[in-house]
Amino acid sequence: MPKELLKGNIAIAEAAVRAGMQAYFGYPITPQTELLEYLSARMPELGRTFLQAESEIAAIHMVYGAACTGVRAMTSTSSPGYSLMQEGLSYIAASDLPCVVVNMMRGGPGLGNIQPSQGDYFQMTRSAGHGDYHPIVLAPASVQEAIDFTLLAFTLAEQYRHLVILAADGQVGQMMEPAELPPLLPVAEERPVWALTGARGRGKNIISSLHLRAEEEEIANQRIQARLLTICANEQRSTEYATDDAELLVIGFGTAGRIAYSAVEAARAKGLKVGLLRPQTLYPFPEDRLSRLARQMRSCLVVEMNAGQMIEDVRLAVAGRIPVRFYGRMGGMVPMPDDVLTAIEEAYALHAAVV
Amino acid sequence: MMQALREPTAEMEVIYQHPAALSECRTHYCPGCTHGIAHRLLAEAIDELGIRERVILVAPVGCAVFAYEYFEVDGCEAAHGRAPAMATGIKRSCPENLVITYQGDGDLASIGAAEILHAAARGERITTIFVNNAVYGMTGGQMAPTSLLGQKTTSSPAGRMATLTGYPLHMCELLSGLQGSTYIVRRSLHDVRHIRQAKKAITTALRVQMAGLGFGMVELLSSCPTNWGLTPEQAMGWIETKLIPQYPLGDYKVTDEAKALEKAG
Amino acid sequence: MAHGMIIVDEAHCKGCALCTTACPQQILEIDTQTLNDRGYHPAHLADPAGRCTGCAICAVICPDACITVYREARAKQGGGKDA
């Protein structure tokens with residue numbers, strides 16, 4: 001398929017359509033609304049389900065209902081809307097249902113603004129709603145990755161019968177870049193055996209996250225935790241640049257990671273032995289790779305568009321072996337490569353101080 | 001003196017029995033709670049319409065939280081108040097299925113008020129069984145939006161005061177004003193005559209969905225002996241003397257097509 | 001001779017007594033001599049005189065669908081299917 005100039009929001013929407021998404025329920029909220037608008041025409045065109053709900057709360061529960069019937073269902077939102085969806089996400093995860101949710105993060109907290117931000121890291125990787133579980137969280141840094149990770153999201157969601165969140169930010173959604181869309185997959189006709197389709201010729205199917213007896217609830221939790229173990233073992237994803245002989249490792253995801261790439265390039269041009277690790281999965285965090293890289297590094301510099309959240313996962317993986325420093329911008333401010341380069345140089349200089 | 005019959009005689013045939021769509025298991029409802037009657041009527045309607053294999057039931061959070069255990073149909077559990085949204089997602093993914101939400105007054109009229117309003121406004125082709133017993137039963141009898149003025153509950157110990165918590169919510173009246181509503185009626189379960197009327201209404205509401213006409217809801221005035229502090233029989237009396245005056249029974253919106261279905265039944 | 005009779009599923013019955021109040025013949029009562037496994041006194045038919053007509057009113061008001069109603073298949077009366 002040829003490359004096209006695509007806007008992130010549109011690319012994600014069309015990628016989902018081509019991945020066989022059958023039902024989309026959403027609600028307008030900048031900076032992801034074009035995704036919804038695009039689907040409002042595209043989905044009916046293919047005879048698929050599109051509905052703008054009365055709220056993000058209603059939207060996620062419509063997705064929950066659709067997921068119960070075994071269709072590929074998705075919603076997209078942005079930080080405040082994502083907060084409203086938390087209870088629904090917990091029910092979906094607790095019910096072992098495949099589901100994809102796009103969170104196009106924006107400046108916060110509170111009403112915040114519509115600039116790109118990464119302030120929801122914790123609310124995606126740690127607590128997407130109440131209870132013990134983590135969704136799989138994918139973090140694209142380009143329109144092409146947004147497309148690829150949308151497909152991957154549906155694949156992983158069904159493979160693990162798990163909730164997958166596409167953690168983008170306003171920039172990924174709003175920018176246009178050449179990118180290649182996959183071929184159009186037909187909608188799956190077959191519904192999974194567990195799906196609610198009407199008890200014809202079989203016993204009834206029940207999908208419920210209610211386990212009043214603690215023994216059963218623990219078993220349900222153990223099932224989720226076992227799934228997470230497998231996910232952590234198999235699905236850690238990251239990409240690197242110039243790490244072979246690096247002594248300082250810059251770590252950043254999404255847009256922050258992409259900007260850090262330019263800064264690392266500039267630092268390399270100045271002869272600094274700097275490398276970049278860009279996590280592509282935020283959960284499972286690429287701790288194995290980072291842990292190995294930490295052995296050769298003298299320090300890490302985490303770059304984020306928040307007050308420092310992923311840095312906690314970095315610290316866990318580095319386990320105190322080397323210093324972990326931070327450069328971040330908040331409130332929807334997007335760091336400039338030069339600012340990151342300055343932070344790199346400062347961190348690098350501290351290496352010399354330590355004999 | 002005649003020995004009391006232990007077994008039906010040969011000439012006798014069964015004329016009334018446990019409906020097939022109702023599960024064999026026992027329910028957790030309190031003795032005399034009319035949720036049980038609502039369940040039985042819904043199951044009877046499903047049997048008579050021959051739609052058991054097409055039904056998908058969306059259970060609420062509240063006393064009926066286990067509703068999906070009690071019907072021999074595919075079922076799921078909605079978050080509190082969200083059954084109409086969940087049912088929308090299901091119906092739009094499976095238009096051939098008959099999607100029913102079964103909800104209490106806390107679930108539908110309080111936390112879920114927006115969801116039921118918009119499902120009706122969209123004319124969602126689902127059927128809602130709305131059990132109104134004027135309290136939050138499962139959590140121990142707190143005031144609900146449908147609690148009566150002056151009604152003492154565990155969260156309105158001095159009796160509900162309009163100056164503090166406003167006025168009872170009349171959901172049939174509210175939803176009947178929406179164009180998307182096709183069949184909005186209120187019935188009661190407090191005696192045999194009214195139970196039979198409620199059965200007809202439930203059957204018609206399901207026919208409305210089968211014909212794809214639009215949104216249907218049957219509100220059922222229901223008892224809560226435990227939290228009203230009354231015996232089952234007294235509670236039936238309380239419906240008649242207290243609830244019905246506040247929530248008049250009747251048809252609040254029945255379109256012509258729905259009327260035709262009602263007669264055909 | 002009784003025209004009808006009923007059988008109460010004693011395990012399902014919760015002794016709410018709604019059927020006993022609704023029965024037109026007043027031939028249903030709570031059996032205080034029996035306890036089911038949930039500790040309820042179940043209802044039962046007390047109809048020595050065979051007055052049960054099989055009207056099914058008890059079954060219509062039973063919240064737990066415990067009652068199975070039998071009625072003589074009278075050709076001339078054409079007792080239609082209830083409800």
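The side chains of Glu54(A) and Arg122(B) meet in a salt bridge, with 2.9 Å from N to O, where a salt bridge denotes a side-chain nitrogen of Lys or Arg within 4 Å of a carboxyl oxygen of Asp or Glu. The structure is a predicted model, in which local features need pLDDT of at least 70, side-chain atom pairs count only at pLDDT 80 or more, and totals for chains, interfaces and linings use all residues. Residues are numbered from 1 along each chain as its sequence is written, chains are lettered from A and ligands numbered from 1 in the order in which they are written, and side-chain values use heavy atoms, with hydrogens and water left out.

Across the interface of chain A and chain B, 4 salt bridges are found by this rule, together with 17 residue pairs in polar contact, both residues being at pLDDT 80 or more. A polar contact is a pair of N or O atoms within 3.5 Å; within protein, one must be able to donate a hydrogen and the other to accept it, and residues adjacent in sequence count only if both atoms are side-chain atoms. On the side of chain A that touches chain B, two or more residues each come from strand E2 (23–26), strand E3 (49–52), helix H3 (56–68), helix H5 (86–94) and strand E9 (206–207) of chain A, the helices (H or I, at least four residues) and strands (E, at least two) being DSSP runs numbered from the N terminus. The largest share, 8 residues, is that of H3(A). By class, this side of chain A has 19 nonpolar, 12 polar and 6 charged residues, with Ala, Val, Leu, Ile, Met, Phe, Trp, Tyr, Cys and Pro counted as nonpolar, Asp, Glu, Lys and Arg as charged, and the others, Gly among them, as polar.

The contact, defined by heavy atoms within 4.5 Å, takes 37 residues from chain A and 36 residues from chain B. The area buried between these two chains is about 2600 Å², of which carbon and sulfur atoms give 59%; buried area is the accessible area (1.4 Å probe) that two parts lose on being put together, summed over both. Glu54(A), Lys204(A) and Leu210(A) supply 22% of the area that chain A buries against chain B, more than any other three residues.

Between chain C and chain B, the buried area is about 3300 Å², with 63% given by carbon and sulfur atoms, and the contact takes 38 residues from chain C and 40 residues from chain B. The rule finds 1 salt bridge across this interface, and Arg26(B) forms a salt bridge with Asp37(C), the closest N and O atoms being 2.7 Å apart. There are also 14 residue pairs in polar contact across the interface of chain C and chain B, both residues at pLDDT 80 or more. Strand E1 (4–8), helix H1 (18–22), helix H2 (57–61) and strand E4 (67–72) of chain C each supply at least two residues of the side of chain C that touches chain B, and E4(C) gives the most, with 6 residues. That side comprises 23 nonpolar, 6 polar and 9 charged residues.

Chain C itself has 2 helices and 4 strands, which follow the pattern β-α-β-β-α-β along the sequence. Of its 83 residues, 51% count as buried, that is, under 20% relative accessible area, as against exposed at over 50% and partly exposed in between (1.4 Å probe, protein chains only). Within chain C, Lys14(C) forms a salt bridge with Asp64(C), the closest N and O atoms being 2.9 Å apart; the pair links the loop between E1 and H1 with the loop between H2 and E4, 50 residues apart. Lys14(C) is buried, with a relative accessible area of 5%, and Asp64(C) also counts as buried, at 9%.

Over all chains, a search of the whole structure finds 34 salt bridges. One of them joins Glu14(A) to Arg42(A), with 2.8 Å between the closest N and O atoms; Glu14(A) lies in helix H1 (residues 8–18) and Arg42(A) in helix H2 (residues 33–45) of chain A, so the pair ties together parts that are 28 residues apart in sequence. Both residues belong to a network of salt bridges that links Glu14(A), Arg18(A), Arg42(A) and Glu45(A).
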